[in-house]
Structure formats: structure tokens, C-alpha cells
Amino acid sequence: MHQLIAEFLGTALMIIFGVGVHCCEVLNTSKYQNSGHIFAITTWGFGITISLFIFGAVNINPAMVVAQAILGNIPWTSVIPISIAEVLGGVFGSIVVFIAYYDQFKASIDIDRVKIRNIFSTNPNVRNLPRNFFVEFIDTFIFITAILAIAAATTEAPAILPIGVGLLVWAIGMGMGGPTGFAMNLARDMGPRIAHAILPIPGGKADNDWQYGIIVPGIAPFFGAACAALFSRYFLGL
């Protein structure tokens, strides 16, 4: 139960930073509107670092949970409960951000509804589901492989791991974030996407685009994580 609560809270905090920075960058009357992608990606990286520092050995990503199960570090029976806790954390974190930025949402009814939806969830600038799937697969493969390598390299200094993961997120966002927004995480995308569907957003809402949410940021990260776990074990020897 402690692990499930930690996964819930860790994911929620990550989303508070991540969805929060998109609100900050997009919404009218925000102090830092139009700050740009470097502002947003850096906040995602730092936010994940802080979440890992606070909650320790958490996955905050169902794809990582699957990778850990493949590597034998957690039992397969834990995969679904932990993943559900993470998705619910994503919903909760998004609700917290919505309450915090409610005045800004009310002041932003003139902003395109798709742009408002994209505060919460990812989407491609060019919709091509096979290519979008490939991008999320590759992003997650690099992400999970690198985390496992960083963890192995920092066993004598585990406090460095959260910093390494934050820098990794920053680098992937800068290098591969352009096509799809580099979700790499079902909880990061689906939790806020669910929140967008249920929240009373002033000015109305765009379609939630469940097809994209399920196929690309939903399924692709699991394939990327599985391949990363196998690559890390049998090629890198981790």
C-alpha cells in the first residue's frame, strides 16, 4: 500500500509540474505566457527529478513498471495495481492544476480548444499514427534503456539518479519531442486526458481523441519499454 500511495503521489507531483507549466505557458493572464518549449521541457525534467527525490524508488510510469517486471525486479502481479495508481495520480495532479489555474482558464475562452486540450495530453503536429507510434516507441526505448544504465552507473551514489533522469527527460524532449510531445508514459498522457474529459473547462472542450491517446502514448511505450528491458539485459548486461 505504501508503494501504491508513493506511485500515486509521485505521478501527481510530476503532473502538477508538467501540466502546470503548460497552463503557465498557454493560458491568458498567466505571468509566463508564451515562454516557449525550452521553458516547458526544462520544467518537466526538473519536476521529475524533484518527484524522484521526494518519493524515492518509484516508477511513475507504467512502461517502467513493465520493464521492471521483465527484468524480474517486481512481480507481474504488481504491474496492474501500480499502473492504475499512477494513472489515478495523473488525474489527481491535473485536477490540482486546474483548480490552481481556474481564473486563467476562465480568461482563455478565446484560445483554440485543441490547444487547451493539449495542455493536458500530447498530440502530434502531423497526424500519422504509424509514424507517431514509431516515435513514441523509440523515445521510450531510449528513455527506459538510459534510466537502467544510469541506475547501474550510480549504485554507489544513488542520489545522482534523479538528476540523471531529469537531464535525460530534458535531452529527449529537446531532441525527439517535436513529432509527438514525447509522452513515453501512459500515466502522463492518459491521466491528464481523463481529467480533461471530466473537468468543467470554461469555454468548452475539443474532442478528447481517445484513438490517438490509446494507440500512441498508450500502447507504444509498453513496446518500447519491453525492448529496452531485453536490450539492457542481453546486450548491456544490466
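Reader: Which residues does Leu148 touch, not counting residues up to four places away in sequence?

Author: Leu148 touches Leu71, Ala228, Ala229, Ser232 and Leu238. Touching, or contact, means heavy atoms within 4.5 Å. This is a predicted model: local features need pLDDT of at least 70, side-chain atom pairs count only at pLDDT 80 or more, and totals for chains, interfaces and linings use all residues. Residues are numbered from 1 along each chain as its sequence is written, and side-chain values use heavy atoms, leaving out hydrogens and water.

Reader: Why does Leu148 count as buried?

Author: Its relative accessibility is 12%. Buried means under 20% relative accessible area, with exposed over 50% and partly exposed in between (1.4 Å probe, protein chains only). Leu148 therefore counts as buried.

Reader: Where does Leu148 lie?

Author: Leu148 lies in helix H7. Helices are DSSP runs (H or I, at least four residues), numbered from the N terminus.

Reader: What makes H7 and H8 roughly antiparallel?

Author: Helix H7 (residues 129-153) and helix H8 (residues 160-176) pack at about 155 degrees, with axes 10 Å apart. Axes are lines fitted to C-alpha atoms over the stretch in contact, and angles run from 0 to 180 degrees between N-to-C directions. Under 35 degrees is roughly parallel, over 145 roughly antiparallel, 65 to 115 roughly perpendicular, and the rest oblique. H7 and H8 are therefore roughly antiparallel.

Reader: Which residues of H7 meet H8?

Author: Among them are Val135, Ile138 and Phe143 in H7. Their partners in H8 include Leu161, Gly164 and Met176.

How values were computed
Helices (H or I, at least four residues) and strands (E, at least two) are DSSP runs, numbered from the N terminus.
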